[in-house]
Amino acid sequence: MSNSIGGFGGRWTLDKLECVRLYLAAYAKVMMNQNFKTAYIDAFAGTGYTRFKNEKSIPAGVFEQEMAEPEAEDFRQGSAQIALGIEPPFGKYIFIEKDRKRAHELEKLKEKFPQRAASIKIEVGDANAELARLCDPKMKWGGRRAVLFLDPYGMQVDWSTIEGAGRTKNIDMLFLFPLGMGVMRLLRRDPVQIPPENAQCLTKLFGTPDWQKEFYVDNDQPSIFDDPGTDLGRVKAATPEKVANFWLKRLGDAFEHVSPKGRVLCNSKNSPLYLLCFAAGNPKGVTIMNSIFKKSTNTTR
Ligand SMILES: C[S@@+](CC[C@H](N)C(=O)[O-])C[C@H]1O[C@@H](n2cnc3c(N)ncnc32)[C@H](O)[C@@H]1O
């Protein structure tokens, strides 16, 4: 295991992974007596493990500790390893990772889980491109079911990817939506000051330029220098809650069923970083995920 690959997780990372683990375990149980071919698709798979700065900052017992480096670093299972540990197993594991070094770490999971090795496929590449292939309308999804986990650091997921996953009708999707880590950071007080490439990035994520109407209102607060009747432009009205609601509404355009709230993951200062959201082609998944979101303890603060 290399120490130098990947950044450090926070307590919210444990909340996220615990939600993923609980959903995968419930899903595997439901699928146990059905005849579907199942797959777990981890489109931002990482290395298979997550690093934390030190043990003291992490509440004991949330996860079994995978491996502890002395003092400074603490390793826990990442999403790929969590999925491989679920019983009964998925029929296939597709791990997509852009970074070659990280993908190399993923290869080692075949040795760690020899009984799953033949079912593991590692794709080194861009998640959006790989998923476009997997979710191509020509691909036959009848008889197949999959859980897709999208866990980007930031704004890497394109709307077309979300749409493609929804179109299969047979994918259950968990997505770490970049609420504070992406969208809130890109929204400037004055929309004119948003660099065009950032505006484009927002439109690619939401799949519509409507975020401009949604997150900005006419400015009615003249400064002492403004003459009456001056066009004061528009001003930011977006809050994390508003952004989350807009996103959840958008998800409903791509998927038939969406968890209505998701789970906001905050940093130690209680600032929202991400929204863990869930969407599926069937209502059962949403019922299960809603109850997981409801019960998931907040270890973030
Ligand atoms: C937050 S980490 C994933 C953590 C992992 N899910 C876990 O629980 O261990 C995000 C990963 O996505 C990878 N990545 C970034 N952009 C990507 C892209 N466009 N396609 C595929 N992987 C990407 C990064 O190299 C990084 O390993």
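Predicted model: local features only at pLDDT ≥ 70, side-chain atom pairs only at ≥ 80, totals over all residues.
How many Å separate an oxygen atom of the ligand from an N or O atom in the side chain of Glu97?

View 1. An oxygen atom of the ligand and an N or O atom in the side chain of Glu97 are 2.6 Å apart. The side chain of Asp151 has an N or O atom 2.6 Å from a nitrogen atom of the ligand, and in the side chain of Ser79 an N or O atom is 2.8 Å from a nitrogen atom of the ligand. The protein buries 91% of the 610 Å² that the ligand exposes when it is taken alone.

**View 2. The shell of residues around the ligand.** The ligand is surrounded by 19 residues, the closest of which are Ser79, Glu97, Arg102, Asp126 and Asp151. Within this shell, seven residues are nonpolar, six are polar and six are charged. The space that the ligand takes is the largest pocket.

**View 3. Residues 60-70, where pLDDT stays under 50.** For residues 60-70 the model has 25 contacts beyond four places in sequence, although pLDDT remains under 50 over this stretch. Across the protein the average pLDDT is 89, and 88% of the residues score at least 70.

Definitions and conventions
Residues numbered from 1 in each chain as written. Heavy atoms only, no water. Near = heavy atom within 4 Å. Polar contact = N/O pair within 3.5 Å; in protein donor to acceptor, adjacent residues only side chain to side chain. Areas by Shrake-Rupley, 256 points an atom, 1.4 Å probe, with all protein chains shown as cover. 1 Å grid on protein atoms, 1.4 Å probe; cavity = no way out; pocket = protein on both sides within 12 Å on 5 of 7 lines; lining within 4 Å. Sits in = over half its atoms within 2 Å of the grid points. Nonpolar A, V, L, I, M, F, W, Y, C, P; charged D, E, K, R; others polar. pLDDT = per-residue confidence, 0-100. Contact = heavy atoms within 4.5 Å.
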